Amino acid sequence: MKSILYILFALLLINPVYLSGQINISGCIKDVKNNNGVSDINVMLQTKDGKGLYSYTITDINGKYSLNYLGNSDSLRIAVAGLNIKAVYIVIPARSRQNMDINVQYEALKIKEVVVKSSPAKRNSDTISYYVSSYIDSIDRSIGDVLKKMPGIDVAQSGQINYNGTPIGKFYIEGMDMLGGAYGIATNNVRARDIAAVQVMEFHQPVKALKKIKISEMTAINLKLKERAKGTFNATFLLGGGYKPAMWQGEVTAMYFARKFQTLNTYKTNNTGEDVSKEMGNLYGGTSSLNAITGIRQPGTPPLAKERYLNNNIHAVSLNAIRKLKDNLELILNGKYYHDSQNSESSSVTTYYLPDESPLVIVEQTEANMNIHSTNFDAEIKSNTDNNYLQEKINFTGKWNNDYGRVNDINQKFSVPKISVNNIFQYVKPFNFTTLEFKSDIGFYNLPSRLIVSPCIYPQIFGLPQDSKINAGQVVNSRRFNTRNSIWAAKNISNWVFTMFAAVNASLDWMDSSLSSKDGVKSDSQLYTVPDSLTNNLYWRNMNIQAGPGVSYKPRESVEISLYPFMEYMNIHAEDRVKGGITNLNKFTFNPSLSINAKLTNDLKLTARGAFNESYGGLYDTYSGYIMTDYRVISSKDGKLAHYKYQNYYVDFNYGNPLISIFGSLKASYWRNNSNLMYGTKFIGSLSRVESFSIDNLAQGYNINGSFSKRFDGIATTFTLSGGYSNTYRDILREDKILNTQYGRTDLGLEVISRFGENVRFDYGITYYRNSNTIENSNEKLKPIDALKQNCTFNITFVKNGIIKLLGEHYFNNSVQSGDKSMFFADISISYRAKRIEYILEGRNLLNTKMYNSSIYNDITAYEYNYGLRPLSVIFKIKFSLR
Amino acid sequence: MKNIFLFLIILISIQAFGQFYPMERDVASKKEIGKYNYLITYKYSFRMDTLSKNSKKIFTDICKLEISNSISHYYSSYADKCDSIMYKARISNSRGGVNTTNWLQKNERPTYEDYFMNYSTIGLLTCRYAIENTEYEYIEQIPIFEWTFLSDTCNVIGYECKSAATKFRGRGYKVFFTDAIPIRSGPWKFNGLPGLILKVEELSGTFKWEAIGLSQSTGNIYIHDPLVGKTIKDIPAMKIKRISKEQLQRLQRKLWEDPIGLKVMHGAKMATYTLDAKTMEKKPFTQADWTKFKEPYIPPLELE
């Protein structure tokens, strides 16, 4: 009986819970301060290491809890946690039943915050928004610095922006186009940290009233400002000085961007080689102008940053403002002026390959001094709504050059005051039945130029003996008045847009020139009598009427096919007042074009175009009196009218996918040009005499290029791979013999912009070029030119706001005969920013490389030059910002 | 079907078919109901049209969970932004119409759903779902989930998370939560774990939530209440209508089965004829034709 009781007692001890392996832990969670139970607290039963969870409960109103465990672990961890309770962890042995009261104390919950990272870029239909915060780092100053890192975008030193290899056509700040083509001022001066997003707008039609009716292949950029930068005035000042030579640099930039008024003004001066006039130039290009056909001989321009070689002294002012007078009426004023004095020096060897003869080699030691005063004023009023578009813009441009040059012992002096006035008017009005567009462009240009060469090394052109000591003076006075007026109407019916175009254009050209000799004794004004063969006095009147229908078909929303078959009637009245001849010509031409624009996917776009264009040369293709275009070239076009038949075909694929940060383009084009004239060169010693001959000829070529850009956001790295291949086939007339030439160019490039951690940024670029030239009907074998360029930059943040920048560059050209084939450059810059003041110490050209040596082909002429560079120098700058 | 143009004589909602966007809620009608102390941002991914070949197509929304000491509010930040765009356009008197959704990427879609826990009554969940011009509201008990703890761990936005599994109204879920943040909340209706839920995976792969942001900031929690105010008097406001959960499920089904019928039900007037784009021929457009318009299947979160 006793033994039975023992057994029963033992069974009671080994309770059923224990038999099944269940462990119960219970107790109370108490406030350590007052010993009261704390309710609504998480009590967790975890694995010993805290990684796993067996069960959990919540304390009741009295702070009581109870947890069960069914397992084999020998130890358990109890975790107690709650809002504003300091977590408690206790490791206990796994025993059948435990009563555990746990003391806790209040402590404010502090969580590790995680900021939501937005994707660096987003596409919305044809607009891609790049968020600046995803690309900017402490090194970046201007928005141009950040744009370079955005996949698909590249920025030139002038501030010019390319998207997928094509220059942009419009630049806006908060939707306002203040700067026009001079947007380089914004790229280089607007602070990156004031910009929230950069929007790239593909197929951008700037005229709202034409949006659904006229497709545009233009890409535009819009800067979206941060809220704090809107309506806030800011100014930055920069002052710097250095040696060698004694250098200065000064800059003042003032800007204000509000909803109804924007202004951006700069004054910049330096003699440090920074060509600040470039950012003020029209980066859209393409304006018709009249350019001097004579000038001094200048050294070839090296493909280096201008700070390496440009000896300048520039003062540049730019004033720009835009004001919204009403909701959609804007007044835009731009004024720019700069004065620059540029000195350059080089030695060069020019090799002209000749048929069946040894090449002609000309060795020149060239010095040039260019003195430029340039001014440009624009006043524009613009209304741009869905219901109408009105633009009235007047422009005045003046550029005064006084250039001095010296080649070997020959001095050249050239002066030209160039003035032009232009008026542009455009009006677009959609009516119920059609949309009308009227455009008018009127311009007047005046360009009197004078080139004096002393001594003239070829007196025989004046019929004088070779040993005569004379100077030569070339005067060319050019004037032009032109007007282009067009009307365009479009009617949208279902998927079709039918258009009608008509234009009346007229231009009046006057040109008189005389090439005269004078001896060194007589004054400039006392010229010898000039023979007729050295003078021109021409008047041209060219009127043309263009008309034609057009049709666009949209089989789908994403595809548009357009055909424009234009007829052109041309009336040319040409008077040669020296020869006394009058020519009247009436010509009809037919200029059709076909284009296809298709959005193959949301990210992939196709543009293809084929065009035929027939045209005739102008006054400057027909002068018969000789003109000395530089100290060793005289040319005459023999009065014959040039006639061109030009065909051009291209296809572009553009890809931009911000979701995966891949951008790229592939472009292929083919062109051919039939012409009735060839310009032949004959050499008399080193004198080139260019004349025209009536020989039908064909020039043609093709070009393939592509780029691929990928951003790896995780490692903040942008890779850009680009390449191109082109071939041109052209007949060249030299020494009365036609040479069939082929000119090929290949280029390949890779660029990497990356960051190691937060403190080191690394940029590397490598580009390889090959120029190859072949003369098919000659024994002359021209060696291909291979060139390589590498650059590598490290930006190291060594203390907070302190950056060291190390830059290395390497250039190689295998065809350089005189001087080094490889050239190396190194620069260092240390900058430190304390609040709004930044101190910068720069050491430039640390290796003191004195010459840049290069060799290039220009058709079948090889040009090798050694360009003098700026020496090792040090410059210290202080930059101050109001905000 | 492509060649048929629908002429809508009066269409209250101007959204294109295929975009199940209701009209925007008036920002002026926001009523403050509390202040949050914690703000969690989730990326919500969901597949649509799981019946067709396009089922791989994944849409996303960025949703926010605002947590105060007593209540929580879970909603779509995209839908909130669409509301704000409309509000800004209205107060700036913008003419020519405004597209409130054209900023969205092709894979982004706002979900017009709001979930309020413990609002007005402790233990209750207030759910709202906007269709056309009406926000449908139903109230239920805060669901109690049966959790099974798993041994998997994972790191979500820097937090070590433990995992648990549950079944809820016809779907299975695996969730990841962190006990470093002892808040028993999560996205949508999820709750009841001893730490904040940072990631949820629905087992068929149709739905997924993952935290992408976390902040301990304060702000107001709002609910839309047309009685509070209106930006512009003459524009009809979003209505609030209390229904049962089952009734809402029936309406949600109509979103893809009979979208035109749903529009008509909300006051849109349909055209009486259509035009053939090729022949420009008029054809009568009857109620029987409505059913020809079907939208891709929208899988519901709750199957029961």
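Me: Which residue forms a salt bridge with Glu575(A), and how far apart are the closest N and O atoms?

Reply: Side chains of opposite charge can pair when their charged atoms come close. A salt bridge here is a side-chain nitrogen of Lys or Arg within 4 Å of a carboxyl oxygen of Asp or Glu. In this structure Glu575(A) forms one with Arg577(A), with the closest N and O atoms 3.2 Å apart. The model is predicted, so local features need pLDDT of at least 70 and side-chain atom pairs count only at pLDDT 80 or more, while totals for chains, interfaces and linings use all residues. Residues are numbered from 1 along each chain as its sequence is written, chains are lettered from A and ligands numbered from 1 in the order in which they are written, and side-chain values use heavy atoms, with hydrogens and water left out.

Me: Is Glu575(A) buried or exposed?

Reply: Buried means under 20% relative accessible area, exposed means over 50%, and partly exposed is in between (1.4 Å probe, protein chains only). Glu575(A) counts as buried because its relative accessibility is 19%. Arg577(A) has a relative accessible area of 45%, so Arg577(A) is partly exposed.

Me: Which residues make the nonpolar surface patch?

Reply: Patches are made of residues with over 30% relative accessible area and no salt bridge; like charges are joined within 9 Å, and nonpolar side chains (Val, Leu, Ile, Met, Phe, Trp, Tyr) within 5 Å. Accessible areas come from the Shrake-Rupley method with a 1.4 Å probe, and for residues only the protein chains shown count as cover. Here the patch covers about 740 Å², and its residues are Phe798(A), Val799(A), Ile830(A), Tyr832(A), Tyr839(A), Leu841(A), Val874(A), Phe876(A) and Ile878(A). Strands S40 (785-799), S42 (822-834), S43 (837-844) and S46 (873-881) of chain A each give two or more residues to the patch. S46(A) gives the most, with three residues. Tyr839(A) lies in strand S43 of chain A and is partly exposed because its relative accessibility is 34%.

Me: What area do chain B and chain A bury between them?

Reply: The size of an interface is often given as the accessible area lost when the parts come together. Buried area is the accessible area (1.4 Å probe) that two parts lose on being put together, summed over both. Chain B and chain A bury about 2,600 Å² between them, with 52% of it on carbon and sulfur atoms. Gln105(B), Arg184(B) and Gln216(B) supply 22% of the area that chain B buries against chain A, more than any other three residues. Contact (heavy atoms within 4.5 Å) takes in 34 residues from chain B and 32 residues from chain A.

Me: How many salt bridges does the rule find across the interface of chain B and chain A?

Reply: The rule finds two. Arg184(B) meets Asp40(A) in a salt bridge, 2.3 Å from N to O.

Key. Helix = DSSP H or I, 4+ residues; strand = E, 2+ residues; numbered from the N terminus.
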